[in-house]
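Good morning, and thank you for joining this group meeting. I ask that you look at the structure on the screen while I speak.

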2 protein chains.
Amino acid sequence: MTDRAWTVTTSRHVLQDRWISVRADDCVTPAGVSVAPFYVMESPVLAHVLAFDTDDRAILVRQYRHPLRILSLELPGGIVDAEDADPVAAAERELREETGYTSGHLDHLATLAPNPGRSTSLIHLVLARRVMPGMATPEPSEDIEIVLVPRAELAALACSGAIVNAAHVGLIMVGLARMTALEDSSLATLK
Amino acid sequence: MTDRAWTVTTSRHVLQDRWISVRADDCVTPAGVSVAPFYVMESPVLAHVLAFDTDDRAILVRQYRHPLRILSLELPGGIVDAEDADPVAAAERELREETGYTSGHLDHLATLAPNPGRSTSLIHLVLARRVMPGMATPEPSEDIEIVLVPRAELAALACSGAIVNAAHVGLIMVGLARMTALEDSSLATLK
């Protein structure tokens with residue numbers, strides 16, 4: 001919240017079902033300018049996971065993305081369900097379902113937003129270390145290919161354009177920076 | 001397009017006006033699984049600009065984002081209009097309108113997508129070098145604060161969590177990597 005926030009004079013849902021919710025807010029800016037309607041996507045909270053196996057390879061997933069009709073290389077993850085204890089548990093569950101990998105070493109790294117200009121969605125970024133392979137249980141509609149990327153190559157890959165999803169490029173780069181900071185502080189503790 | 005693409009059996013618009021367009025596609029996956037409806041945001045093409053002034057400072061903008069009711073630090077940019085000759089021209093126009101800065105040195109760096117799992121939108125990333133200050137002409141509803149960040153500090157800032165918009169973190173990191181590649185190839189030409 002900020003003193004530059006808009007005042008909402010009226011608000012209504014214009015589209016709402018199990019998979020989507022769109023709200024139309026009639027707003028007035030602090031300068032008195034009317035913005036009506038302003039459409040807000042009421043989108044779920046997400047958890048995505050930057051996971052590394054015992055050979056320090058990142059676990060990425062390549063999957064079909066219908067709006068652009070492309071295959072997209074992304075971090076595993078998905079919606080934080082009501083049954084998930086917290087975003088870390090959601091990330092762990094999504095990693096296991098989509099890829100089969102499991103980990104006992106999880107850390108919450110950051111909370112970002114995929115599209116703050118249009119959507120209420122947040123993305124929790126979770127680090128999973130020393131993950132072990134297992135049996136994936138994807139949704140019937142999901143067709144997920146696992147792609148392993150050595151940690152030393154991940155930043156260059158993410159910034160090469162090969163990862164089209166700009167938000168996932170951002171998550172990967174934030175994740176790598178936070179990992180380095182975590183490891184530096186662990187080393188400092190050991191000294 | 002890919003051989004893993006879904007087949008669309010029926011498609012209809014469920015919400016459509018000047019500011020928003022939502023399509024509901026009834027789809028069948030290659031494995032024969034029905035996904036119906038799948039909602040697609042038919043979102044505009046965007047152009048965002050990584051601009052540096054003659055002191056090698058990046059031009060960022062801090063502005064109110066209503067869905068999350070926060071101030072968000074982002075790259076200047078916006079929708080590629082029908083009147084724009086191309087995405088580079090759109091980026092130049094958005095930079096000028098939002099910040100007043102102008103540049104005669106523009107390069108198209110990359111094409112990414114903010115949300116390929118939900119939206120048709122693409123983001124063109126444009127580099128603007130040696131920009132010069134001028135008079136901004138924002139929309140009446142826009143309240144834009146310009147933030148100058150030395151190039152040497154930009155990657156650390158983007159990965160610190162201070163930039164909440166994950167897609168813009170991605171754009172900044174892709175942009176910095178491409179700039180370095182451009183400069184390396186220019187240096188190689190000089191040698």
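Predicted model: local features only at pLDDT ≥ 70, side-chain atom pairs only at ≥ 80, totals over all residues.

In chain B, strand β2, residues 21–28, is joined to β3(B) by six bridges, and the two strands run antiparallel. One example of this pairing is B:V22, whose bridge partner in β3(B) is B:M41.

I turn now to a helix of chain B. Helix α1 covers residues 87–99, which makes 13 residues. From its first C-alpha to its last it reaches 18 Å, close to the 18 Å expected at 1.5 Å a residue. Is this helix mostly covered or mostly open? α1(B) is mostly covered, as 10 of its 13 residues are buried. Among them are B:P87, B:A90, B:L95 and B:T99, and also charged residues such as B:E92 and B:R93. The elements that cover the buried residues include β4 (46–53), β5 (57–65), β7 (77–79), β8 (105–112), β9 (123–131) and β10 (145–150) of chain B. After α1(B) comes B:G100, which has a positive phi, near 85°.

Next, chain A as a whole. Its secondary structure comes to three helices and 10 strands. Read from the N terminus, the elements follow the order β-β-β-β-β-β-β-α-β-β-β-α-α. The C-alpha trace of chain A spans about 55 × 45 × 35 Å along its principal axes. Chain A has 191 residues, of which 42% count as buried. Of the contacts in chain A between residues at least 6 apart in sequence, 58% join residues at least 24 apart. The domain assignment divides chain A into domain 1 (7–41) and domain 2 (46–190). The C-alpha centres of these two domains lie 31 Å apart.

A:L109 is found in strand β8 of chain A. Why does A:L109 count as buried? The reason is that A:L109 has 22 C-beta neighbours inside 10 Å, and the cut-off for a buried residue is 20 or more. Leaving aside residues up to four places away in sequence, A:L109 touches A:L125, A:V126, A:L127, A:V174, A:G175 and A:R178.

Finally, the two chains together. How many residues of chain A are in contact with chain B? There are 53, and they meet 54 residues of chain B. On chain A, the elements that each supply at least two residues to this side are β1 (7–16), β2 (21–28), β3 (34–41), β5 (57–65), β6 (70–74), β8 (105–112) and α3 (166–190). α3(A) gives the most, with eight residues. By class, this side of chain A has 36 nonpolar, 12 polar and five charged residues.

Terms used. Residues numbered from 1 in each chain as written. Chains lettered and ligands numbered in written order. Contact = placed C-beta atoms within 7 Å. Helix = DSSP H or I, 4+ residues; strand = E, 2+ residues; numbered from the N terminus. Expected span 1.5 Å × (residues − 1). Buried ≥ 20, exposed ≤ 12 C-beta atoms within 10 Å, placed from the backbone. Pairing = 2+ DSSP bridges. Domains from an automatic or database assignment.
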